[in-house]
Amino acid sequence: MGSTDSKLNFRKAVIQLTTKTQPVEATDDAFWDQFWADTTTTVQDVFALVPAAEIRAVREESPSNLATLCYKAVEKLVQGAESGCPTEREKQVILNCTRILTRILPYIFEDQDWRGFFWSTVPGAGRTDELDDDDGARPLAESLLLAIADLLFCPDFTVHSHKRGPDSVENMQSIDSCEYIWEAGVGFAQSPPLNYIHDLNRTELLRLLLTCFSEAMYLPPSSDNSVLNPWVTFFCSTENRHALPLFTSLLNVVCAYDPVGYGIPYNHLLFSDYREQLVEQAVQVLIVTLEHDGGVPHRPASPSSMEEQESTGPENLFVNYLSRIHREEDFDFVLKGLARLLTNPLTQTYLPNSTKKIQFHQELLVLFWKLCDFNKKFLFFVLKSSDVLDILVPILYYLNDARADQSRVGLMHIGVFILLLLSGERNFGVRLNKPYSIHVPMDIPVFTGTHADLLIVVFHKIITTGHQRLQPLFDCLLTIVVNVSPYLKSLSMVAANKLLHLLEAFSTSWFLFSAAQNHHLVFFLLEAFNNIIQYQFDGNCNLVYAIIRKRNVFHQLANLPSDPASIQKALQRKRKSPDVISRTSSQETVSMEGSHPAVPAEPGTLKASLVAMPGIDKLTEKSQVSEDGTMVVCRRRLSSASSTSFWAPTPEWVLSWKCKLPLQTIMRLLQVLVPQVEKICIDKGLTDESEILKFLQHGTLVGLLPVPHPILIRKYQANAGTAMWFRTYMWGVVYLRNVDPPIWYDTDVRLFEIQRM
């Protein structure tokens, strides 16, 4: 009966608040205590008992009551942080205030006139450390953030007590929170025993923290990246004495999490996993706090200059700590943890339901991205061994699985960006030569080969059977293929045929003439073929054979007509067949056993809109690989493509790029090898591929090909456009993943639009 009574009393208090026309005095404790003192309400109860319409009504009609409610709730948290909540009752008050603030804050943020409220000072909330300050009052936001930080290291509430005896009390002010880090891992060796109550309490406080940071959702996307999120800026500054232990706790809790149920199959069906909720909130808080100065990270020139990073504005300590992790065992712990979690949805298929399937892979990908972006030593560590393949395979799985689902277009982008970033490093291409033996059930043709083959087969599947909105990613996908191509020792026949099918599709005259940038795709593919022929000819007889079989494609390209009549004819053909790429001419083979086809989103699925992504010329910077393997950045020429909306192909335009098609190497190869292959077939009456392949395997083109061209690598580079894209994507994921309780649902977010499929 108690809980029904307390819900009833709580609801009465909410009604009184909305109906009182006169301001209630802040000193009227009997009234305000109804909201937190005598109740046992869950966060779901609070969301149900405090309807949106009523919060907005109080905000409009009795603003002073809403202000007092916020002020009093923060005051309770500050008091709890000072006392350390020694009694159960005090702990309950803290949780109730946390839930109420989580419910109310989004409605404060959605109203422009209220946004400054938490940054105004409240009389009497003094800053103890600044004696020169006259009134010494702290803004309410700062008091709230510092109280949350303190409460996250509160003995017997969110961490284990280190008390020596029954009478000793741990003083909250003098506590060294570095001794109370939540989990072993980076910079901390002891793993405290699991305590689900502590996990639940941490989760509630982190949810409130995330809600504080979510003010960013209520500002429209802007190209000005100097706009900082004041909540994140303060929380990650030196004002927060718990910044280091909290950063470490969040990172370690995420990377140490093992959803398998501690090695016992089906264990998750027997026990509720409180750690999972904590891990989800922890990874979301991490990715949101790791926004570097709101803008583009100031990258050190080399790992050794990590310490001399210039930055504007107050330093974000979370970014600082992340960029300074350097011990091999720490990198190993983080990489293995992320790989384990990213692979989790793939392991589902062996024993259905034997392990818990996690849902936070998008947040993990953003975290991995930030690690590589802010910590170059981590990036080099990832590429140093074949462990990078444990990240690659799940990414390719997600890309393949999401290709038909428009609600997951953001996931497609982040996966491709990570591969683009990795492909800028030579080691990534080298690692791809490792044979692919794990058979994750994927809806792709069966093949025997390397991780490079897997990558090419998945990219082909995305391009030929993905939805229309993925077309802007084609440039990125083929840039990745070009970046790794000089290092690929031996492509399988399946992968070789897929690459030639793409060239065939992209080099039809109607496709080349139907958009100003389409010919770039042909240039990328030719460049990849040239790299393989010039640098890896010996092991690539499958590709050479595929090129010989499809030689007419190259001849047609060389003789592409550019007169007005041919252009018009090609475009009329386009109107008859609107499909981007013919899906028939690629011999579709049997898909892997146990795989499920990629499917579109269920009707009614919610998705968050994304800002447009910068083009590949802005996303990357060309570097030339010199003899000794070092990179030299090429000077950038401005893109000649005009940005006007109307565009039509002209003979001059066709000739301007046709004369630059890099066909010399392939034409020379065909000129030498085709007569030889034809002669063998006639002499020996051969129709058997394997004999021809054997001949090509032992053939050589030494001295017959043009001088090898320098290898060009297009390295990812951050800019304002990508920073804004990441911000909208990340907050869109956070919005959609927090459904119980639905923190931001039906509030007036401005950073993106929520659309129903």
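User: Which helices and strands each supply at least two residues of the lining of the second largest pocket?
Analyst: They are α15 (361–374), α17 (389–402), α18 (409–423), β3 (606–608) and α32. Helices (H or I, at least four residues) and strands (E, at least two) are DSSP runs, numbered from the N terminus. This is a predicted model, in which local features need pLDDT of at least 70, side-chain atom pairs count only at pLDDT 80 or more, and totals for chains, interfaces and linings use all residues. Residues are numbered from 1 along each chain as its sequence is written, and side-chain values use heavy atoms, with hydrogens and water left out.

User: Which element gives the most to that lining?
Analyst: Helix α32 does, with seven residues.

User: How many residues has α32, and what is its reach?
Analyst: Helix α32 (residues 720–737) has 18 residues and reaches 26 Å from first to last C-alpha, close to the 26 Å expected at 1.5 Å a residue. That expected span is 1.5 Å times one less than the number of residues.

User: What caps its N-terminal end?
Analyst: N719 does, through a side-chain oxygen 2.8 Å from the backbone nitrogen of G721.

User: How many of the residues of α32 are buried?
Analyst: In α32, 14 of 18 residues are buried, meaning under 20% relative accessible area (1.4 Å probe, protein chains only). In the protein, buried residues make up 55% of the 757.

User: Changing topic, how many helices and strands has the protein?
Analyst: The protein has 32 helices and seven strands.

Note on methods. Buried < 20%, exposed > 50% of the residue type's maximum accessible area, 1.4 Å probe, protein only. Polar contact = N/O pair within 3.5 Å; in protein donor to acceptor, adjacent residues only side chain to side chain.
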